[in-house]
Amino acid sequence: MVEYLKCLSEKYKANANSENALPMKKYMRNQFEFFGIKNPERKIIDKQFFAENGLPEISDLEKIIKSAWNLPEREFQYFAMFLLDKMKKQFDEKVLNLLEYLTLEKSWWDSVDFLSANMFGYMFQRFPVLIPEYTENWMASENMWLQRTSILFQLKYKEATDLELLSNFIHQLSSSKEFFIQKAIGWELREYSKTNPQWVIDFVENNKLASLSKREALKVINRNKK
């Protein structure tokens with residue numbers, strides 16, 4: 001553990017709750033250990049930590065993030081994502097390799113979705129020329145989490161969504177049997193339906209999608225009909 005994280009570790013240990021830890025671990029299908037600190041309390045601890053210790057130098061960030069990511073308790077990964085978000089305005093394009101590393105290590109929906117929508121989405125808006133380089137590799141990788149990222153990085157783009165790119169990725173993945181791919185397709189379409197519902201209706205009607213993807217895509221539209 002790097003020095004920067006030692007004080008945080010002490011705070012987490014002091015606030016550990018074994019009664020919370022077990023259901024939190026179970027919710028994540030027993031893939032991660034937990035201190036048992038629920039999100040509202042953890043966010044207070046994290047903010048207090050930043051108030052006392054400040055943000056690290058950008059040159060130290062990768063070392064700190066990887067150190068937190070490699071610790072067993074999931075709260076450390078949540079802290080790492082919070083830290084990334086706080087410092088993202090300082091990033092250059094080299095951080096994309098770190099984000100890709102985090103996507104591939106300790107992969108699960110909670111971390112992958114945050115990195116997709118909040119980090120890759122932000123960085124690709126700043127460096128759009130890099131989108132083909134990364135997303136083409138992700139789509140060819142056959143890695144479910146990288147492919148999910150290809151779908152979800154535009155989740156917050158609204159009118160700026162590249163519909164040609166999104167459609168291309170959905171067509172490539174529409175036959176996937178993976179729950180997390182089907183869900184991502186539906187979620188992205190559902191979110192875009194808030195911006196352009198007719199486009200989503202037409203897309204769902206004219207393309208072969210998994211039932212889960214269709215259901216998710218039309219949730220907001222169907223709710224607004226009632």
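Which exposed residues does the face of α8 turned away from its buried side carry? That face of α8 carries Glu136, Asn137 and Ala140. The structure is a predicted model, in which local features need pLDDT of at least 70 and side-chain atom pairs count only at pLDDT 80 or more, while totals for chains, interfaces and linings use all residues. Residues are numbered from 1 along each chain as its sequence is written, and side-chain values use heavy atoms, with hydrogens and water left out.

**Overall architecture**

- The protein chain contains 14 helices and 0 strands; helices (H or I, at least four residues) and strands (E, at least two) are DSSP runs, numbered from the N terminus.
- The C-alpha atoms fill a box of roughly 55 × 40 × 30 Å along the principal axes.
- Of the 226 residues, 52% are buried; buried means under 20% relative accessible area, exposed over 50%, and partly exposed in between (1.4 Å probe, protein chains only).
- Among contacts (heavy atoms within 4.5 Å) between residues at least 6 apart in sequence, 70% join residues at least 24 apart.

**Helix α8 (residues 131–141)**

- The buried residues of α8 are Ile131, Tyr134, Thr135, Trp138 and Met139.
- These residues cover an arc of only 125° around the axis, which puts them on the same side of α8. The arc is that of the directions from the helix axis to the C-beta atoms.
- The cover over the buried residues of α8 includes α6 (95–104), α7 (109–126), α9 (144–152) and α10 (163–173).
- After α8 comes glutamate 142, which has a positive phi near 65°.

**Helix α1 (residues 3–14)**

- In α1, the buried residues are Tyr4, Leu5, Leu8, Ser9, Lys11 and Tyr12.
- Seen down the axis of α1, the buried residues fall within an arc of 165°, so they line one face of the helix.
- Glu3, Glu10, Lys13 and Ala14 are exposed on the face of α1 turned away from its buried side.
- The elements against which the buried residues of α1 pack are α3 (39–53), α4 (61–70) and α5 (74–87).

**Positive phi angles in loops**

- Most residues other than glycine have a negative phi.
- Arginine 29 is not a glycine, yet has a positive phi of about 55°. Arginine 29 lies in the loop between α2 (18–27) and α3, and its 60% relative accessibility makes it exposed.
- Lysine 106, also a residue other than glycine, has a positive phi near 50°. Lysine 106 is placed in the loop between α6 and α7 and counts as partly exposed at 26% relative accessibility.

**A buried residue: phenylalanine 120**

- Phenylalanine 120 belongs to helix α7 and, at 0% relative accessibility, counts as buried.
- Leaving aside neighbours within four places in sequence, phenylalanine 120 has contacts that include Leu96, Leu99, Trp138 and Tyr157.
- Phenylalanine 120 and leucine 99 are 21 residues apart in sequence, and their C-alpha atoms are 7.4 Å apart in space.
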